[in-house]
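Visitor: I'm new to this structure and would like a close look at one part of it. Could you take me to the place where the chains meet, and then show me what lies around it?

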Amino acid sequence: MIAYLGRRLIQSLLILLGVSLITFALLYLLPADPVRQIAGRSATPQTVENIRQQLGLDQPFIVQYWRYLTKLISGDLGRSYIQRSEVTELIVSRLPASLLLMVGAILCELLIGLSMGLIAAVKRGTAIDQTLMVASFVGVSAPQFVVGLLLLYVFAVRLSWFPIGGYGTWRHLVLPSLTMGILGAGWYARMMRSSMIDVLRQDYVRTARAKGLARGTIIFRHALPNAILPVIAMIGIDIGIFMGGIVVVESVFGWPGIGQLAWQAIQRVDIPIIMGVTLVSAFAIVLGNLLADIIAPFIDPRIKLR
Amino acid sequence: MKKFLASTVAASALALMLGMASARAEDTIDPNAKQGGEIIATYKDDVTTLDPAIGYDWQNWSMIKSLFDGLMDYEPGTTKLKPDLAESYEISPDGKTFTFKLRHGVKFHNGREMTADDVKYSLDRVTNPKTQSPGAGFFGSIKGYDDVAAGKADSLAGVTVVDPYTVKFELSRPDATFLHVMAINFSHVVPKEEVEKYGADFGKHPVGTGAFKLAEWTLGQRIVFVRNPDYWHKGLPHLDKITFEVGQEPIVALLRLQKGEIDLPLDGIPPAKFQEVMSDPEQKARVVEGGQLHTGYITMNTTMAPFDNVKVRQAVNMAINKARIIQIINGRAVPANQPLPPSMPAYDKAFTGYPYDVAKAKALLAEAGHPDGFDTQLFAMNTDPNPRIAQAIQQDLAAIGIKASIQALAQANVIAAGGDKAGAPMIWSGGMGWIADFPDPSNFYGPILGCAGAVPGGWNWSWYCNKDLDAKAAEADSIVDPAKSDERYKMWSDIYAKIMADAPWAPVFNEQRFTMKSARMGGADNLYVDPVHVPINYDNVYVKDVQ
C-alpha cells in the first residue's frame, strides 16, 4: 500500500510537471505578444522593450520555464500581467466559490442521477425506463450555456424562486449547481441503472426474494448499497468534467470562481493566470483520480492496489 | 510672491480672453440633483486595477476618474477642457512652458493635503519604466522624459515644484495637446506614502483626491465606492454609494435591470436583445444614445501588393456598402468617410469621402491592372459581431472581383498580425478600433496613421508612412495658443483629407454608445454617454428617489 502510494505520488508529480511544460510551451508559442497587451496601444517601442525585459520575456524559453518552475516550488505563481495582482491571491480568493459549486453540483447529480438510475433499473423495460433514459441522454448532450440560461429564465426571472445570478446564499447556489449537475446526472443515471441491474441478477438477491422479503427491503437494504458504491467511486474522475463545466456555468451565473478567472485570462492572454488555473485544475484532477483509486478496494474488495 | 501674483493675474486674463479656464467648476452642478442614494452597476469582467498609472481599459477608465483627479478635466458630458486640481494655468508664448497653480485645501482620501510635490511625484512615477505604465509615452514632450524612460534618471527634469501650490512644466517641443495630457488618467495625482505602502498592489488599494473613495473590493464579486465627504468640489458627488458587481453576463444584467435589481448594466444592451428593448417604448425611454470618439475601419497594408497601388485601395473604399454593415449591428453606428469621428474637433462635415460605387470601383481595379480582381486575406477578431461584419465586407469585395478569405482570430493574434509588416493584407478593426484617449485630432494620427506607428509591433496596420504629413502634424501640434485652435484644427482636417486621398484605410462606421439605465437614475443624458468619463460621469449623476 505504501509503495503503491509512493509510486502514485511520483506519477502524479510527473503528470503535473508535464502539464506545466506543455501549457507553458503552448502559451510561449502563441502568436500573440503578451507585452503588447500589457503595454497597450499608446506605448512607445521603448516602453514595450522595458516591460519585456522586466518580465524576463526577452529570455529564451528554457530560461523562462526554469524561472517559472523554481518560483512555483516556493508556491509563487507569479503576478498577473493585466490585473497586476499575485496569481495565488486571485486563485485563493476564488477557489472557495468553485469548490462550493462543485459540492452543490455533486449533490445534484447524485440525487438526480442515482434516483433516475434506480427507478429505471427497477422498472426495466417499461415506458418509465425508456423515458428516463431518453431524459438522461438529453441531460448529457444539452449545452450547459443553454441549460443555464433556460433555468435562469424560468426559475429566476419568471417564477422568482431564485435570484438572477450572483453569489452569497444557498438560494444563489441552486441553479448553477443544477446546471452543472444535469450533465453528470445523465451519466450517473446510466451507470446506476446498469450497476443496479447487475446486482439485481445476483444470487443473493434471488435468495432474498425467495425468502419472501418485501420488494422495498430487497431494493433498498440488499441491492442498493452494493450497486451504489462503484458509482460513487466515479466522483473523483468527475472532477475533470467539472473543471471544464465551471468555465461556462460560472460565466452564465456570475459565480465568482476560478472558471470565470480562467475565461477572462484567456481572453486577455494573461499567461500567469492561465498557467495558475491550469495547474490548480490539473492538481484537482490528479488528486481526484488518486482518491478514486485509493478508495476503490475499500468499496470493492475484488480490486487490489498494485 | 510678486511673480506668483503676476502669473495668477496673467492666467486669469488669458482665461477671460479665451473664454476658458475661468468657468468655475461649481457652476456645473445640476440644480435638480438630489443628494444621497445608492446604485448598483454591473460588469461582466473583473476590474483589473484602479491604479491611474496602469489602468487602461474602458472599464476602469471612468472608475479611476472618480477616485482620482488630474490638473485638468472636462466639463461633464462634453469634450471642453477645464482646470480641475489646477485653479489656473499659464502658457508661455513659445508654447514650451506650462505653469499650473493648484487649488488650496484639496485632500487625499487619507486626509493629507495634496501639493505640487505630489504632482511631480505622480509624473515621475508614471514615466519610470519600473511602473510599467502603458501611458508613459504620453509624456514624451516633457523635458527629461527620455532619460527617465531609459532608466538614466528617476525624476523628470522638466517638472519643477515652484512652491507647494505651483508646478511648472518645461517641454522639449511645443505641444498643443499638453493640456489634454494633463487630463488623462495617467497624469492623475497619487500620494507617495500610499503608493509606497502598497507597492505593486496600489491598484487594489487606490487612494486619490477624487469624488469617491474605495470602501470594499471583494475579488471577483464587487467593488464598492462611497462618497468622499471631504471632496474639494463642494456639492459633489451626489451619490452616497456605488456598488459595481462584476461577473455578470450582459444578458443576465439586462434581466436584472428589467426586474429593478440594478441601475446600470455597463456592458450595454446585448445585440440579441437590442431590437426587443428598442421596440418597447418604456425601455427605450431609458436608453441614452451618444457619439463615441471611435472609428471602425478596414486597414490595407500599403507595403504589400496589390495594396501598394493607391487605385486598389480607393477601389476598396468604393466597394464597401457601409449602410448594410451598420444594419448588421442593429443600426448602432453612423457611416464614416474619414478617420476622425464626428464628435472630434477638426472633423470635416463638408468632406464626402468615397461614394459607394461598385462600377467605379471595378473600373479603378481594372486601371490598376486587376480587371479580374485578386485573392487576399481579411483578418478580423473572432467575437460577435466582427465575423459577421467581415463576411459582409467579403461579399462587398467579391462584387468587384476581390476574393478575400477571412481569418477570424483572437484579439491578441489579430493585433500581432497587424504589427507584422508581412502579417495581414487587410484587417477589419472591429473590437480593436481606435477610441481616442483624449478629444484632440492628433490622437487619431501618430500611433495609427503616422510613421511612428508603422514599426514592428505598432498599431499602424496599414504601414502607411507619409513623411510630409508627419511634418505637417508636428507643425500643427506646435500651435499651442488656444486662440489659434481653429487654425490648428484646419491643418488637421487637411492632413486627414490628404490621408483619405492615399486611402490606407476604408473608414466604415463610427459606433454610437447606448447606455441603458434604471428609471430612478437622474441627470442630463450626456452624463450617461460622457465622451471622456466613458461611459458614465459618476460624480454628477444622481438618483431621483431619495427623500
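Guide: Here is a walk that starts where the two chains meet and then moves out into each of them.

One thing to keep in mind first: this is a predicted model. Where the chains touch, 40 residues of chain B are in contact with 40 residues of chain A. On the chain B side, helix 7 (250-258) and helix 14 (411-418) each supply at least two of the touching residues. Helix 14 of chain B gives the most to that side, with four residues. Sorted by class, the side of chain B that touches chain A has 18 nonpolar, 13 polar and nine charged residues.

Let's zoom in on one residue there, A:Arg84. You'll find A:Arg84 in the loop between helix 4 (61-73) and helix 5 (87-122) of chain A. Leaving aside residues up to four places away in sequence, A:Arg84 touches A:Arg79 in its own chain, and across in chain B it touches B:Thr49, B:Ile54, B:Ala200 and B:Gly203.

Now step back to chain A as a whole. Of its 306 residues, 38% count as buried. Among the contacts in chain A between residues at least 6 apart in sequence, 71% join residues at least 24 apart.

Follow helix 5 of chain A and you come to helix 12 (residues 258-267) of chain A. These two helices pack at an angle of about 130°, with their axes 8 Å apart, and are therefore oblique to each other. Helix 5 of chain A brings A:Leu90, A:Ile91, A:Arg94, A:Leu95 and A:Ser98 to the contact, while helix 12 of chain A brings A:Ile258, A:Gly259 and A:Leu261. By class, that contact has five nonpolar, two polar and one charged residues.

Two of those residues turn up again around A:Val277. Not counting residues up to four places away in sequence, A:Val277 touches A:Ile91, A:Ile258, A:Leu261, A:Ala262 and A:Ala265. A:Val277 also belongs to the largest nonpolar core, which has 226 residues; those with the most contacts inside it are A:Val277, B:Ile298, B:Ala315, B:Val316 and B:Ile393. Helix 5 of chain A gives this core its largest share, 15 residues. As background, nonpolar side chains tend to be buried together in soluble globular proteins.

Over in chain B there are sheets to look at. One is an open sheet of five strands in the order 8-9-10-1-11, with mixed pairing. Strand 8 (212-218) and strand 11 (264-265) of chain B stand at its edges with a single partner strand each, so one side of each has no neighbour in the sheet. Further in, strand 1 (residues 38-42) and strand 10 (residues 241-245) of chain B pair in the parallel sense over five bridges, and B:Ile39 stands opposite B:Ile242.

Another open sheet of chain B has four strands, in the order 4-5-7-6, with antiparallel pairing. Its twist averages 20° from one strand to the next. Strand 5 (residues 97-102) and strand 7 (residues 166-170) of chain B pair over five bridges, with B:Thr97 and B:Glu170 as bridge partners. Helix 3 (residues 116-127) of chain B lies across strand 5, strand 6 and strand 7 of chain B, running at about 175° to strand 6.

The last stop is strand 19 (residues 505-516) of chain B, which is mostly covered: nine of its twelve residues are buried. Strand 12 (residues 287-291) of chain B pairs with strand 19 in the antiparallel sense over five bridges, and there B:Val288 stands opposite B:Thr515. Strand 13 (residues 294-300) of chain B is also antiparallel to strand 19, over four bridges, with B:Gly296 partnering B:Phe509. Strand 14 (residues 333-335) of chain B pairs with strand 19 in the antiparallel sense over three bridges, where B:Ala333 has B:Glu511 as its bridge partner.

Notes: Residues numbered from 1 in each chain as written. Chains lettered and ligands numbered in written order. Predicted model: local features only at pLDDT ≥ 70, side-chain atom pairs only at ≥ 80, totals over all residues. Contact = placed C-beta atoms within 7 Å. Nonpolar A, V, L, I, M, F, W, Y, C, P; charged D, E, K, R; others polar. Pairing = 2+ DSSP bridges. Axes fitted to C-alpha atoms, helices over the stretch in contact; angles between N-to-C directions. Buried ≥ 20, exposed ≤ 12 C-beta atoms within 10 Å, placed from the backbone. Core = buried A, V, L, I, M, F, W, Y, C linked by C-beta atoms within 7 Å. Parallel < 35°, antiparallel > 145°, perpendicular 65-115°, else oblique.
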